Amino acid sequence: MIDIDLRTSELNFIGKVLCVFTHQVNNQLAILKESVGLIGDLIEMGKVSRKDLEGIMSLIESIRNQISKTAYFCNSLNSFGHGMVETSASFAVNKIIDDLVCLLDKLAAQKRITFKKEFKEGIPLIHGNPLKLQFLVFYFIEKNLTRLEKNSSIIIKTSRSEDTINIDVIPKGIFVQVEDGAGGDTAYQFLANNLGASISVDTPEGGITIRLPLPSSAA
Amino acid sequence: MDTNVLIVDDEVEFASALAERLLLRKYRAKTAYNAEDAISLIKSVPPDVVLLDLRMPGLGGFEVLRTIKEFDPSIEVILLTGHPKEEGIDEGIPTGLFDYIMKPVEIAELTSKIDSAYEKRNRNKDTRG
C-alpha cells in the first residue's frame, strides 16, 4: 500500500516539476519575444538614434541572459530526465540537488520563499537512483513551502561526515498552522530505507537531515 | 491614442519591453512588478485597461482582479497567461475579466484586445453617465 502511495506521489512530483518547468520556459520565451519585438519595432519605425542603439544593445544583453537562463533550466530538466531513465547510476549529490532546486525555484518565488544552497565541495559520487533521492528531498522542501509564510527561506545544505553524506533541509522564518497528512512521513521513511538512508529531525522548527551511507570506496 | 494601459507582471524585462512596444504604438503604458504596487498605482492613476499576470509572488492575481473591480468596475482587465489550464480558465473566462491572452504575446492580437477593452470601458462609462 505504501508502495502504491509513493508511486502516485512520485508521479505527482514529476508532474509538478514539468508544470513549473514549462511555465518558466514559457515566461523566458515571452521575454525573448518582447525584446526581439522591440528591436524590430525600433528598426521598422526608423527610430534608431544613437540613444536607441544603446537601448538595443541592452536588449541584446537581456536576450543573451535569457538564453543562458533558459539553457541552464533546460539542462536541469535534462539531468532530471536522465535520473528517470537511468534508475541505477553513479551521481553527484550536489548536482542532483542543484537541479531540483533550480526546477523548483519559481514555485518558491511565487510564495516569496527563497532557497539558500550551502553545498560542501568534494562529496564523493554515490550509486543509486537519483530520482528517488530527489523525490525524497522534494517531499521535505514541499512540506516546508506549505508550512512557511512569505519572506521565509529554506536552507538546503550538503555535507560529508566520517561515514555518511548528509542533506539538510532547514526552514527559516514564520510558520503557518497546517494539518500534517496522516502517515506522510511513514511513507517517506519507507522510501529512505529503500535508498539505504536515514532521516532525523534536527531542529525545533522541523529541519531534517537525510543521511546516506558513504560509498565503501570513499569511506 | 489615449488609452492608459497598466502592465502588471513580476517578469521585469517582459513588462518593460512590452510597455516600450505599446508606447511606440502610442498607448500610454505603465508597469508594476508586483500586486501591491499595482493596486496603489491603480488607485492613484486609474488606467483604462490592466494587463495582469495571475502568477505573481505575494497577492494572487484573482485578489488583484477583485480589488480592481471593487475600486472601479469599468476598468477592464486582460489576463496574461502562459497556460490557461493552470489558471483554470481553459473552459471559460471568469467573471470580471475582459479576456485573456497567451504568453508569448502576439502584439497585434494584444493591441486589438486592448482597443476592444477600451471601447467597452467607454461604453460602460457613458451608460453610467
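Q: What share of contacts in chain B between residues at least 6 apart in sequence join residues at least 24 apart?
A: The model is a predicted one. In chain B, 62% of the contacts between residues at least 6 apart in sequence join residues at least 24 apart.

Q: What is the corresponding share in chain A for residues 24 or more positions apart?
A: Such pairs account for 76% of the chain A contacts with a separation of 6 or more.

Q: What is the order of helices and strands in chain B?
A: Chain B has five helices and five strands, and along the sequence they follow the pattern β-α-β-α-β-α-β-α-β-α.

Q: What is the pattern of chain A along the sequence?
A: Chain A has five helices and seven strands. Their order is α-α-β-α-β-β-α-β-β-α-β-β.

Q: How much of each chain counts as buried?
A: In chain B, buried residues make up 50% of the 129 residues. In chain A, 46% of the 219 residues count as buried.

Q: What part of the accessible surface belongs to carbon and sulfur atoms?
A: For chain B the accessible surface is about 5,800 Å², and 49% of that belongs to carbon and sulfur atoms. For chain A the surface is about 11,200 Å², with 56% from carbon and sulfur atoms.

Q: What are the dimensions of the box filled by the C-alpha atoms of chain A?
A: Taken along the principal axes, the box is roughly 65 × 45 × 30 Å.

Q: Why is Phe80(A) called buried?
A: The cut-off for buried is under 20% relative accessible area. Phe80(A) has a relative accessible area of 1%, so Phe80(A) is buried.

Q: Where is Phe80(A), and which residues does Phe80(A) touch?
A: Phe80(A) is in helix α2 of chain A, residues 50-85. Not counting residues up to four places away in sequence, Phe80(A) touches Phe13(A), Ile14(A), Val17(A), Leu103(A), Leu131(A) and Gln134(A). One of these, Val17(A), is 63 residues from Phe80(A) along the chain, and their C-alpha atoms are separated by 9.4 Å.

Q: What makes α2(A) oblique to α3(A)?
A: α2(A) and helix α3, residues 93-110 of chain A, pack at an angle of about 125°, with their axes 9 Å apart. Angles of 65 to 115 degrees count as roughly perpendicular and those over 145 as roughly antiparallel. The angle lies between those two ranges, so α2(A) is oblique to α3(A).

Q: Which hand does the crossing of α2(A) and α3(A) have, and which residues meet there?
A: α2(A) passes α3(A) in a left-handed crossing. Tyr72(A), Phe73(A), Ser76(A), Leu77(A), Ser79(A) and Phe80(A) in α2(A) meet Lys95(A), Asp98(A), Asp99(A), Cys102(A) and Leu103(A) in α3(A). By class, this contact has six nonpolar, two polar and three charged residues.

Q: Which hand does the crossing of α3(A) and α4(A) have, and which residues meet?
A: The crossing of α3(A) and α4(A) is right-handed. From α3(A), Val93(A), Ile96(A), Ile97(A), Asp99(A), Leu100(A), Leu104(A), Leu107(A) and Ala108(A) meet Pro130(A), Leu133(A), Gln134(A), Val137(A), Phe138(A), Ile141(A) and Leu145(A) from α4(A). The classes in this contact are 13 nonpolar, one polar and one charged.

Q: How do you know that Asn144(A) is buried?
A: Asn144(A) has a relative accessible area of 3%. Buried means under 20%, so Asn144(A) is buried. Asn144(A) is found in helix α4 of chain A, residues 130-147. Leaving out residues up to four places away in sequence, Asn144(A) touches Ile154(A), Val169(A) and Pro171(A).

Q: What makes Ile174(A) count as exposed?
A: Exposed means over 50% relative accessible area. Ile174(A) is at 57% relative accessibility and therefore counts as exposed. Ile174(A) lies in the loop between β5 (164-172) and α5 (184-194) of chain A. Neighbours within four places in sequence aside, Ile174(A) is in contact with Arg147(A), Leu148(A), Glu149(A) and Ser152(A).

How values were computed. Residues numbered from 1 in each chain as written. Chains lettered and ligands numbered in written order. Predicted model: local features only at pLDDT ≥ 70, side-chain atom pairs only at ≥ 80, totals over all residues. Heavy atoms only, no water. Helix = DSSP H or I, 4+ residues; strand = E, 2+ residues; numbered from the N terminus. Buried < 20%, exposed > 50% of the residue type's maximum accessible area, 1.4 Å probe, protein only. Contact = heavy atoms within 4.5 Å. Areas by Shrake-Rupley, 256 points an atom, 1.4 Å probe, with all protein chains shown as cover. Axes fitted to C-alpha atoms, helices over the stretch in contact; angles between N-to-C directions. Parallel < 35°, antiparallel > 145°, perpendicular 65-115°, else oblique. Left-handed = near helix turned anticlockwise from the far one by under 90°. Nonpolar A, V, L, I, M, F, W, Y, C, P; charged D, E, K, R; others polar.
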